[in-house]
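Subject: Structure for you to look through

Hello,

Here is the structure I promised you. Please open it beside this message and follow along.

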Amino acid sequence: MMAPSAAAADSSPPSSSETTENHLQPFFVLHEASSRKPERTSTGTVKTRKKIDFSPSKLKNVEKPDVEIAKEGGDEGYGNLRMDAFEVVWSKIESTIKDVLRDINANVFNEIHQWVRDSFSTIRSFGMLTFREATQAFPIVTDASSKQLFTGLVLTKNMEFVDDLLTFEELGRHLKSQGCHVANLSSLDFMAKSGIGGCLRSLLRQFLVAPLDAADISILASWYREQGNYNNPVVVIVDDIERCCGSVLSDFILMFSEWVLKIPVILIMGVTTTLDAPRNILLSNVLQCLCPCMFTLGTPSERMDAIIEAVLVRQCSGFSISHKVAVFMRNYFVRQDGTITSFIRALKIACSQHFSMEPLSIILKGFFLEEDRQGLQDGLLLQAMFKHAFDLPSYGRNKMGEENVESFAHCLSELKRSQTRWRTVVLCLYEAGKGHRIQLLDLLCEALNPALYSSRTSGTCTKVDKGHGVSPSNNFPVQQHPIMRKGRLICQAVQKVRDLPIAQLYKLLKRWEELTVDINEIHAKLKELLYVIKLENGRSSRQDMADSSKRPVSRSQLNIEKESRAVNEKAASLIECMVRDHMQPVECSPLHEIVCFKNVETLQLALIGDPRRRIQIDLLESYKILRCSCCSRSGHSLLPSLHDTSILYNLAQEHGDHINLHDWYQSFKSKVCSSRSKGKHKSKQSPLPKKRKDMNEPDKPCEASIQARFCKAVTELQITGLIRMPTKRRPDFVQRVAFGL
Amino acid sequence: MLRCGFGLLMYGFGSKKALLEDFASTALTEYSVVVINGYLQSINIKQVVITLAEVLWNQCKSKRKTPSGNLPRAQQPFNSRSMDDLFAFLDGSELKENDYFVCVVIHNIDGPGLRDSETQQHLGRIAFCSHIRMIASIDHVNAPLLWDKKMVHTQFNWHWYHVPTFAPYKVEGMFFPLILAHGSSAQTAKTAAIVLQSLTPNAQSVFKILAEYQLSHPDEEGMPIDTLYATSRERFLVSSQVTLNSHLTEFKDHELVKTRRHSDGQDCFYIPLASEALEKLLSEINQ
């Protein structure tokens, strides 16, 4: 065993030649940064300076591309450009997400702030302290009521506290901006190990800034008195009380309840489960000190919808994902992880992979973000880019005719236009489905599905008859469009439109009117429809007044109902039209590769490493990875030329959860020696002992070397955690740990 | 990916040590690289953090063209600062530019020296710092169980790479006991002494009787239980057979003593240690 000489290791980095020594040091400095400054920023700015306008009117200017392309367009500069573009796009997405989350929480935050102010004035009303009292280094307690600690319990409605870390940070920032003194504590500050001192120290760190060794609450009290902090409350935010150590938290609360007159502390605690949580982890005498107040945050699904709406559906960065990726991300969210944080992470990985794989992705930066300028930087790589663009499968598939700049620009603007219309329709559908448990994420997956769209367009879809019957469910041509098939969300949303009472329908149509402001044809139709409803409303209300005096149920009322049904029907058919004609998924447009990330496999690999399964597959099917000539032919039978550990693990599959070492060794030995007699096999990548053995090939490998190889292979299995070493009780057996893939 | 703010995590069968170091010394020349060998038994994480802070400090100093004034002086040398201060420094509150970062390469972030949860928490905080990028490898199939969701999603922010190298685990396996060289011989006088020190003085004395007997009768198979009882009783160490048996059970549980059948059919006890080791042990517990 090595001697841990950390002190020796940290100060002087050993020279790189002494590599063996490096292996045995806990850590070492491999190299310091070279003096060369990273060139990324400089090249980026140089290239972005040249901007070429891509709007069709000005495209004539770029007909003859610069000569420098060939010279400068090295991969390096190109990569940097894409990196720049990624940063721009991702920062846009990220800030959008932040804004969305902040908006969602804004109401609760304001509520909390109001409560903090109220509680503070209550504490103040207990009376001001005299100078003598205030400067004493111990707490003052007048009566029981003054020992109350105002506590806000924030129900997160979310088991995954990860998603709320940011929320509490934001809350802290919000309160700070309103003049409160805020400290954010996490459950790590309330560990049994560090005790009450740990959280006090952390508090002092955050309030006093200057590091202090002593953890004493009187320091905090004197800080509060001296710094002119007297008119503002002290807010302590604990993000997740369920993960805190109960006894430490209890001590903390008891202590502050005694000091509350001197330091008007107001607690805010995050609760992920139910309101019982504080009762479960705190003692009853502690609970008596609390004066709780409840707040509730939005549910995760609300937040998720808002994020998706802002980032993927509304115009945000231009970056979009394909149907498959969307489905994968949804499944990952719903079935596997369930945190919004992880969803955002997945999006980020997708985005970064998009920029690293798709050369044309740099267009995203200028093309979608700066709407007014439509500036596409980079006259340098233009030609290479065009060539690449015309090679894209989606371009070829749609047979766009001649390959020149104009058609390229045309395609791009077309892509953008269809995207805008798609967004609008999806938003309309979402509006219709709101309040009916239709989640935007699911809707998005369906709206992105190119299979549904192509069957929609190629199918024999007749225009929906506008004034069609009153009973929609049976004679409506639902079956003709796969996307309208029952059970599909889009269909459900349309059905919702049909069932809406007239007042709500009016509201919905108003919303649609706002949404479709960019698409003239739909907008006009909507106006028409709204007009009809208005008319009818007026008429019905007039009739209502007239009717109410006479008979309770009249023929005219039935008529009204019928007519309003007809309006519903019109609205429904309108949205169906929109879905059919305008909701073209991004994957159906030419050049969509530029904006759309499609590679679901790489995303999956990067997002979910599955070492448990992967490492076993590596071992069981090592020939697939090593691709040696000897094993790939043989299929499943074990050849001695296989990697030792791989042989051993394959053999282990035949055993139960305990493997007899002796048997295992014997079968290993027989495998390794088996082809010696046949005498033909190539040496492939193999550990050292084997090579040595290959040199004296005629006779069998000696016992010792086989034993050594066996030991090594077992150790390697042990490192990977696939077996456990023998116990004292059964010294001849190793234990298998992992079963099945 | 590193620039994008992800941490890289390599997994798959085979040693990834060479791979990571090659990567670090070819692709990451612009940045300082600190390597942690997680496969070692004990690693002082605070020392690591101190080193990181020093490296970052040097990097900033050397890159800054106008060294005077702009950089706030470090009030204290790094090695006397608290962990929180160090993290605050690495997180960049004192340095404005985002372009500096130190890469941390960790071989076997799931290794024995880093496996406990406190260390992992610290590693998570290191990875979370804005001036740190982390590249790590794992070998154990259950390594992801070390991290909770907070660490995975917000701190480490892993980007997984499957890189089965099939290279032999030369250094990593160095500290594992070999399977065929069995553990029983590792039962040394040292461990026996530790066990004995935790027992009562009477039990220790019983053990001493047995040891002295074994030393004086090296050729015999062991001490018969009757003899042991008689001797122990004479010295007022045990009052009954039951007490003796309880001592013996204790010994057997800790493998200080084993039994075997004597040629005349009687059970007898012996200590499974060589006589030199036994002498050493006796002198140790006599102190």
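Start where the two chains meet in a strand pair. Strand β1 of chain A, residues 27-31, pairs with strand β2 of chain B, residues 32-37. The sense is antiparallel, and four bridges make up the pairing. To find one bridge on screen, pick A:F27; its partner in β2(B) is B:I36. Is β1(A) mostly covered or mostly open? Mostly covered: four of its five residues are buried. Keep in mind that this is a predicted model.

**The sheet in chain A**

Now move along chain A. Five strands there form an open sheet. Read across it, the order is β4-β5-β6-β3-β7, and the pairing is parallel. Which strands stand at the edges? They are β4 (181-185) and β7 (290-296) of chain A. Each has a single partner strand, so one side of each has no neighbour in the sheet. On average, neighbouring strands of this sheet are turned by 20° against each other, direction ignored.

Look at one pair within chain A. Strand β3 (residues 149-155) and strand β6 (residues 265-271) run parallel, joined by five bridges.

As a general point, strands of a sheet pair through backbone hydrogen bonds, in either a parallel or an antiparallel way. You have now seen one of each: β1(A) with β2(B) is antiparallel, while β3(A) with β6(A) is parallel.

**A loop residue in chain A**

Why does A:N449 count as buried? Because its relative accessibility is 15%, and the cut-off for buried is under 20%. Leaving out neighbours within four places in sequence, A:N449 is in contact with A:H323 and A:P585. With A:H323 there is also a polar contact, side chain to side chain, at 3.4 Å.

**Chain B as a whole**

Chain B has 287 residues, and 53% of them are buried. How many helices and strands does chain B have? There are 10 helices and eight strands. Take the contacts in chain B between residues at least 6 apart in sequence: 74% of these join residues at least 24 apart. The chain exposes about 12,500 Å², with carbon and sulfur atoms supplying 53% of that area.

An unreviewed UniProt entry annotates residues 217-276 as "domain: Origin recognition complex subunit 2 winged-helix". Over those residues the chain is 42% helix and 17% strand.

**Strand β4 of chain B**

Strand β4 of chain B covers residues 132-137, and six of its six residues are buried. In a regular strand, side chains alternate between the two faces of the sheet. Here both faces are covered. On one side are B:I132, B:M134 and B:A136; on the other are B:R133, B:I135 and B:S137.

Strand β3 of chain B (residues 102-107) pairs with β4(B) in the parallel sense over five bridges. There, B:C103 has B:R133 as its bridge partner. Strand β1(B) also runs parallel to β4(B), joined by three bridges. In that pair, B:M10 stands opposite B:S137.

B:M10 belongs to strand β1 of chain B, residues 7-11. Its relative accessible area is 9%, so B:M10 is buried. Residues up to four places away in sequence aside, B:M10 touches several others, including B:K16, B:L20, B:I138 and B:Y161. B:M10 and B:H159 are 149 residues apart in sequence, yet their C-alpha atoms are 8.6 Å apart.

**Two positive phi angles**

Last, check two backbone angles in chain B. B:N157 has a phi near 55°, positive although the residue is not glycine. B:N157 lies in the loop between α5 (149-156) and β5 (158-162). B:F166 is not a glycine either, and its phi is about 60°. B:F166 lies in the loop between β5 and α6 (189-197). Are these two buried or exposed? B:N157 counts as buried at 12% relative accessibility, and B:F166 counts as buried at 1%.

Best wishes

Definitions and conventions. Residues are numbered from 1 along each chain as its sequence is written. Chains are lettered from A and ligands numbered from 1 in the order in which they are written. This is a predicted model: local features need pLDDT of at least 70, side-chain atom pairs count only at pLDDT 80 or more; totals for chains, interfaces and linings use all residues. Side-chain values use heavy atoms; hydrogens and water are left out. Buried means under 20% relative accessible area, exposed over 50%, partly exposed in between (1.4 Å probe, protein chains only). Two strands pair if DSSP finds at least two bridges between them. Axes are lines fitted to C-alpha atoms, for helices over the stretch in contact, and angles run from 0 to 180 degrees between N-to-C directions. UniProt positions are given in the numbering used here, feature names are shortened, and annotations may be inferred rather than shown by experiment. Contact means heavy atoms within 4.5 Å. Accessible areas come from the Shrake-Rupley method with a 1.4 Å probe; for residues, only the protein chains shown count as cover. A polar contact is a pair of N or O atoms within 3.5 Å; within protein, one must be able to donate a hydrogen and the other to accept it, and residues adjacent in sequence count only if both atoms are side-chain atoms.
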